[in-house]
Amino acid sequence: MELSRRTLLGGFAAVAGGTLVGCSSGMDTGSTAKKNTTTELTMWCWPGGLGKSVIDDTIAHFPDPKIKYSEIGGDFKQKLVTTFNGGTGIPDITGIKGEDIASLLPQASRFVDLKSVGADSVLGDYLEWKVNQATTLDGKVIGLPIDVGPTGLFYREDIFAAAGLPSDPAKVADQLKTWDDYFAAGVQLKAKNPKALLVWDATDLYDMVVGQGTERYISKDNKFIGDQDHIRKAWDTSVKAMTMKIDGKTPSGSPDWNAGLDQGTIPTHIGAAWVALDIKSAVKTSAGKWRLAPTPSGPANFGGSFLAITKNAADPQKAFDVIKYMLSADNEAKAFADAQIFPSAPAAYDKPELKAADKFFGGQVPIDVFGPAAKAIPVAYQSPYDDSVAAPFHDELKTVQTGSKTSDAAWASAVSKAKAIAKRQGVQ
Amino acid sequence: MTGTATVPAATTAPLTGKGQRPGRRIWSYWRFYLALSPFYVLFAVFGLYPMLSTIVLAFQRWDGLSARRFTGLGNFEFLVQDPTFWTALENTIVLFFMSTVPTLVIALLLAVMLQSAVRFTNVYRIAYFIPNVTSLVAMAIFFSSIFSTNFGLVNAALRSLGIPQQDWLGQPWGIKIAISTMIVWQWVGYNTLIYLAGLQAIPKEQYEAAKVDGAGPVRTLFSITLPQLRPVILFTVVISTIGGLQTFTEPQVMVGNSGGTGQSGMTVVLLFYRTAFLDNDYGYAAAIALSIFLLVLLFTAINWRIFRGRSDDR
Amino acid sequence: MTRYKWRGIALHAVLVLALLVFMFPFVWTIIMASNTTADIYRFPPKFTFGGHFGDNVRQVLDNVAFFQSMANTATVAISTTLLVLFFDSLAAFTFAKFRFPGRNALFVILLATMLLPAQLSAVPQFQTMALLGWVGSLKALIIPGAANAFGIFWMRQYFQNSIHDELVEAATLDGCGFFGTYWHVALPSARPALAFLGIFTFVGSWNDYMWPLIVLTNPNHLTLQVALSTLNRSHGVDYSMVMTGALMAMVPLVIVFGIFARQFIKGATEGAVRG
């Protein structure tokens, strides 16, 4: 360590000054897409994104060129964008998650406009609001919907009954019509069973309420509207669950959530149809005691993804034939049987796979709840920057939940942070 | 440049292969330059060039897919106004102190104790070092499990003592405690070894002289051990600073890309990662990167002042 | 005498306590990995080993390409370590034992580079990889780290303290060239320092997380750390399985360390920074 400040600074000067290499950006930004080879059709999706039997069947159905399917774990969008930047190994067909589709719309030039390969004939088969999510403002369609995520209320029939609440799905649907009804039930439940908190996590609930509206954080003409009543209403609904002390503060998917579902400390969850799979894998002893009812105050949509064709695809027409086949009503019904991937084509709702009674839900038929919900999802414009702008609201709501800020202080801070982000993204 | 670097080996005149002639041409040293070249070439390509590009990028707007646009100081203007950046900066510095101070203090105490222990010293050393050679992601998963609310071991211990359980990973301070506990656990052993090496270089006579003077262990620690150990302490502080200000894996695995409740696990490097590779705002990410670099530089300079200042003034 | 004895006991009591604290996470990970998730969720916690380790391992193997990731990680860590040991020790030996124009300036530059936080240049680094066509390939992980300033600094310190100039002179007289002297004289005598640097590099490379997360796009080329975080992130996570994966990722490192531990400790002690 024979070093002094002087020598160190000298070294820096040498590093900084010694090299006067030009630093041009260096890489092309990929507007001229290199075509992939025709010998193989590569397809990317994330684990559980497509039904296993559907994948196998599709691969068998299209032997030439051979389909090479890869499962990409981790942050899917990050992998996709970095691969686009890297310029090599870009798949012909890729999945796009529902939460990422809005932010990829500005990159429509990277994807094939499905209308140019004959999508017009099939677009009408899918839920209209879902197709809209993948449609750019100038009318290009970059993805065909794989699935949708209509929400429903999952609840523990045994715990409701023990607390004197209605436990039969029809009666629950009747009594828990609005958030206020739901919260009132929560108070009644807690009085009888102090360990059971009806709302698993009030900040998760916030997103549900936002999703029930017809507007989000940014309007279609690119104005920030996150400070308006529709968002404040969702905020207040969430805060109400906290102040009524029926908030379990257990984010879904966390280990504590898994444990709580089975132990009965989390007797309800409101989530998309695909959450059923998470609940089923999390619980051991409470199978058969779960039931389904419509979401209080109306359905929302969570997730639901797309299959898109990149401009690098060797044969876009062929690639489109593949995704059209994969996402036919028959195959969507199969995917539901495989992994609870909820169909985006309403024709699938009448298939036997979806009409089957589910023992986990005490013989209830899930489609009876989710089918009507899927058709009743409110259409809301989602800006590419919606997620970035929404982030401060989630963060600040958590500070209310932990009691470190008052609701009004947190709201003010969330709005100012969101405005700063919106401004950075060029939103007025 | 030449002459400012003090090369300690000057005491034993380095060789030059065959005798030294003043007029030797530079190419006759080609073997030496060749031997040194791998590092400098790699550094130029993978260190210096990216660093310079980062500086350029910091003045541009780029989403990774469309063309780059020059924005002047736009990214820095936003940086100064961005509350998330300031939160991340504060978290990083708080986490740095919460983890580095206990790490170094515990390591020093253990090293002093190990120094006076006679038996099993190798067993202790190996065992203490093992936390440093484990999979970081695996350990982050482990620590998030013991701090988990309903089944975590920490809460189980609290409950059996009759203390109400805490929502560790859901509370701003809880997240920081969990993250710094992990860093401390991981780095104490490493620093203990470094200190131990430094302790062994202190001449025994000094201790014996102190003993004759009737100095107790505490006085010996402050009058001999610590002053003698100063350069070694500086080394550990610098290493911890460079590492600590770049904390990423622990919070990323434990509380995710959002930084957890109130973003209290959001560090500047995590913010950099999120901005660049999740939000695809590369220009802004470059501005954040430069600010982290300045931060490391500033902290190193401060360390230097504190630990080196006195001997420099000689 | 007794006073010393008691002091010795107290000393070892503290040292053993510290040892237990450091070892505890490993034990607890094994306990969690050998039980079912339901056991982990129980209160009071279960403190004994269970019999589900085999099941959990199978689960891990079903969920991620564990062996493939492990092979990738091993390839990266071993190649990086060998390259670093070679390039760093060669450069360090040159710095320590020879004089040539520009030596001091080069060394100061080397020290200064240690302050550059490498991961912050990730964006342009990624572009460089894209230009070279290395995105998604393991080369992107190995080559940039094939020589590093810390190692050169460390090894130079060691060569200065432990190799006498007479030895180098004698080798030169024996007809060893520069490289021969390095290979036959310097390297063999530097084993402890090499062990230290080797372990250090191996662990660093094994644990690298952010860069592989960014640059490895090919699903067949994930490293263990990335695969492990994928395991942890999936929805409805099975905890005992995740802990089993964590355990499986730790074991190879501990084994490698175990093999070289003695040399390593020696290297850490001898070559340490001296003021």
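This talk walks through a predicted model with chains A, B and C.

First, the ground rules. Local features need pLDDT of at least 70, side-chain atom pairs count only at pLDDT 80 or more, and totals for chains, interfaces and linings use all residues. Residues are numbered from 1 along each chain as its sequence is written, and chains are lettered from A, with ligands numbered from 1, in the order in which they are written.

Chain A to start. It has 19 helices and eight strands. Helices here are DSSP runs of H or I with at least four residues, strands are E runs of at least two, and both are numbered from the N terminus. Its C-alpha atoms fill a box of roughly 75 × 65 × 50 Å along the principal axes. Is that chain in line with a compact globule, or out of line with one? In line: for 428 residues the rule gives a radius of gyration near 22 Å, and chain A has 24 Å, which agrees. That radius is taken over C-alpha atoms, and the rule is 2.2 Å times the number of residues to the power 0.38.

Burial next. Of the 428 residues in chain A, 51% count as buried. Buried means 20 or more other C-beta atoms within 10 Å of the residue's own; exposed means 12 or fewer; partly exposed lies in between; the C-beta atoms are placed from the backbone. As for contacts, take the pairs in chain A with a separation of 6 or more: 77% of them join residues 24 or more positions apart. A contact is two C-beta atoms, placed from the backbone, within 7 Å.

Domains of chain A. The assignment gives domain 1 as 40–148 + 303–350, domain 2 as 151–198 + 255–300 + 375–382, and domain 3 as 202–247 + 385–428. Those bounds come from an automatic or database domain assignment. The centres of domain 1 and domain 3 of chain A, over C-alpha atoms, are separated by 31 Å.

Now the strands. Chain A holds an open sheet of five strands, ordered β2-β1-β3-β8-β4, with mixed pairing. Two strands pair if DSSP finds at least two bridges between them. Which strands stand at the edges? β2 (66–71) and β4 (144–145) of chain A do; each has a single partner strand, so one side of each is left without a neighbour in the sheet. β1 (residues 40–45) of chain A runs parallel to β2(A), joined by six bridges. Within that pair, T42(A) stands opposite K68(A).

Elsewhere in chain A, β5 (residues 151–156) and β6(A) pair in the antiparallel sense over five bridges. G152(A) has G271(A) as its bridge partner in β6(A). Strand β6 (residues 268–272) of chain A is mostly covered, with five of its five residues buried.

One residue deserves a stop: K334(A), in helix α15 (residues 329–339) of chain A. Buried or exposed? K334(A) is buried, because 22 other C-beta atoms lie within 10 Å. Leaving out residues up to four places away in sequence, K334(A) touches G51(A), S53(A), V54(A) and E353(A). K334(A) and S53(A) are 281 residues apart in sequence, yet 7.4 Å apart in space, C-alpha to C-alpha.

On to chain B. There are twelve helices and two strands. The C-alpha trace of chain B spans about 65 × 60 × 35 Å along its principal axes. Buried residues make up 48% of its 314. Helix α5 (residues 136–146) of chain B is mostly covered: eleven of its eleven residues are buried. Among them are F142(B) and F143(B).

The unreviewed UniProt entry puts "domain: ABC transmembrane type-1" at residues 89–303 of chain B. UniProt positions use the numbering here, feature names are shortened, and annotations may be inferred rather than shown by experiment. That span is 75% helix and 0% strand, with end C-alpha atoms 18 Å apart. UniProt also places "transmembrane region" features in chain B (unreviewed entry), including residues 32–59. Residues 32–59 of chain B are 93% helix, and their end C-alpha atoms lie 39 Å apart.

Chain C has that annotation too, with residues 9–31 among the spans in its unreviewed UniProt entry. Residues 9–31 of chain C are 100% helix, with end C-alpha atoms 30 Å apart.

Last, the B–C interface. 89 residues of chain B are in contact with 81 residues of chain C. Helix α1 (residues 30–57) of chain B gives the largest share of the chain B side, 17 residues. That side divides into 66 nonpolar, 20 polar and three charged residues. Nonpolar means Ala, Val, Leu, Ile, Met, Phe, Trp, Tyr, Cys and Pro; charged means Asp, Glu, Lys and Arg; the others, Gly among them, are polar.
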